[in-house]
Every structure is written in structure tokens, then in C-alpha cells.
Amino acid sequence: MPRRLTEANVLEVWEGGLDSTPTARALLIASMTMASRGEPDVADLPLSSVNTLLLDLRCGAFGDVLPCTTDCPACGDGLDVTVAAEELRPAAAGGRTGEAAAVPATATLTTGGFTISYRALTGRDVRAVDPTAPGARRTLVRRCVLSVSPPVDDLPDDVLDALAPRLAELDPGADTVLTLDCPQCEHRWEAALDIADHVWADVSGYARRVLHDVHALARAYGWSEADVLSVSPARRRFYLEVSSG
Ligand SMILES: [Zn+2]
């Protein structure tokens, strides 16, 4: 069961994620939902399951509506969209609350004279590969190959390229795509929405507000950070009001 975020672990996750790559950050936040040591490492879950965990966490801590801003690629007009978290749940993968797949799906492909058994990408794969490195996509695909018949040291590039789109098909919830309509020019397009980016923005905004309160109350009353954090948010708001009034 997903664990709810507390103020203390929002601060912890914000501090831990500050200097991380987006993937490491996503895994760090998703790992906050893992309550016990018996559960699998989030890095070994398929990407759709990481998205489900992040959405559950987002809805529990910050509400189930995500405000998004983007620009229309046709006319350049700015667009404000509110997205319901339910729209982002991977329907095909049964990605409803608490139903995230525990292990990556597997499949078999016969192409170029090889029969290849492969699995869906995990966060560990994405975290391990520098997306700007030459051949990054093929490196990712190679990591997902479980077995090849007949055995070969390295699969030819055209076989790896044929396998790449199959990985996405195996885990349809890995990428979250929204269909958008421009009210100005009626252009319709598909835009990718990164759930982890959204949750990180929420975590970051929340942490900064809390630290701002710590600063203001420490200054007004001479309290330490621990003193301020031990006061409930409602009482903190009261003290902030009277100290500034
Ligand atoms: Zn437009």
C-alpha cells in the first residue's frame, strides 16, 4: 500500500533529489511509497508501475488535478490545461491504484534469423544509461534482452532497432501522452507529460514553502528548525500571521 508523504519525508526527498538526474529523482520519490523491505526495489519495476506509484503519491499528497502549461506547436499560443490524474493512468496495463505490475512483462520476437526473449524497461535501465551517449537507445535495448537463439555475442544493430519499438508496446504506460487541442487555431497534437517532473515540482514547491516558514519563524521567535517543524502547520500559520501583523 502506498505510504502517504509526511512533511519530514517531503523535505528528505527534496534534499536527496536536488542534485539527481530526473530518472534518479523519479525513483527516489516513487520509493517513498514502498512501506516495507519485503517489497521489490522500485528500480526493478516496469516504468508504467513507477508512473502509477508517482500518480498515487501525487494524488494523496497534492490532489488529483495536474495543472499544465504548454505552447501550441502550430501558432505558438500559450495553453493552460488541467489534467485529471485518472486520465494519466495506463489503462491497458491495469494501472489502477495499488495494481501496478510487480515485474516487467516479457515477450519473444523472431527477426533477422534470431529468436529473442526480452523484457520491458525498468528504471534501473534508464538510470544506468546516459541518454546523450552515442548509441544510448541500443544500449537500453540490449539491457532488456533475456536470451537469444541461436546464441550470439552482440545482436546486429538492425535487430536491436527492430526490437526497440517492441519495448514500448510491452509497457504502454511507460510514456504518458495527452491529446491537446488549441482553442486559437484548432490544431490537435500529442504531447508527452512527465509525471515525475510534475511530482518533483510539487515536492520542491512544498519543501521551499516549509523552509520559508522555518526561516520566518526562526527569525521572529528565535526557534530552531527542529522547533518550527515540531509545530503543526495550522499552528505555524497562526504564529506567522501574528508575527507579521
Ligand atoms: Zn494553435
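In this predicted model, helix 1 (residues 7-17) and helix 2 (residues 22-31) cross at roughly 160 degrees, and their axes come within 10 Å. Angles over 145 degrees count as roughly antiparallel, so that is how helix 1 and helix 2 sit relative to each other. Their crossing is right-handed. On the helix 1 side, Val13, Gly16 and Gly17 make the contact, while helix 2 brings in Arg25, Leu28 and Ile29.

Helix 7 contributes Val210, Asp213, Ala216, Leu217, Ala220 and Tyr221 to the contact, and helix 9 answers with Arg236, Tyr239, Leu240, Val242 and Ser243.

Then there's the metal site. The zinc ion has its protein donors in the SG atoms of Cys72, Cys75, Cys182 and Cys185, which lie 2.3 to 2.4 Å from it. Along the sequence, these donor residues follow the spacing C-x2-C-x106-C-x2-C. The arrangement of the four donor atoms is tetrahedral, because the angles they subtend around the zinc ion run from 107 to 112 degrees. For comparison, the ideal angle for four tetrahedral donors is 109.5 degrees.

Cysteine 182 counts as buried, since its relative accessibility is 2% and the cut-off for buried is under 20%. Cysteine 185, with a relative accessible area of 34%, is partly exposed.

Note on methods:
Residues numbered from 1 in each chain as written. Predicted model: local features only at pLDDT ≥ 70, side-chain atom pairs only at ≥ 80, totals over all residues. Heavy atoms only, no water. Donors = N, O, S within 2.8 Å, 3.2 Å for Na, K, Ca; no water. Tetrahedral: all angles 85-135°; square planar, octahedral: opposite > 155°, others 65-115°. Buried < 20%, exposed > 50% of the residue type's maximum accessible area, 1.4 Å probe, protein only. Contact = heavy atoms within 4.5 Å. Helix = DSSP H or I, 4+ residues; strand = E, 2+ residues; numbered from the N terminus. Axes fitted to C-alpha atoms, helices over the stretch in contact; angles between N-to-C directions. Parallel < 35°, antiparallel > 145°, perpendicular 65-115°, else oblique. Left-handed = near helix turned anticlockwise from the far one by under 90°.
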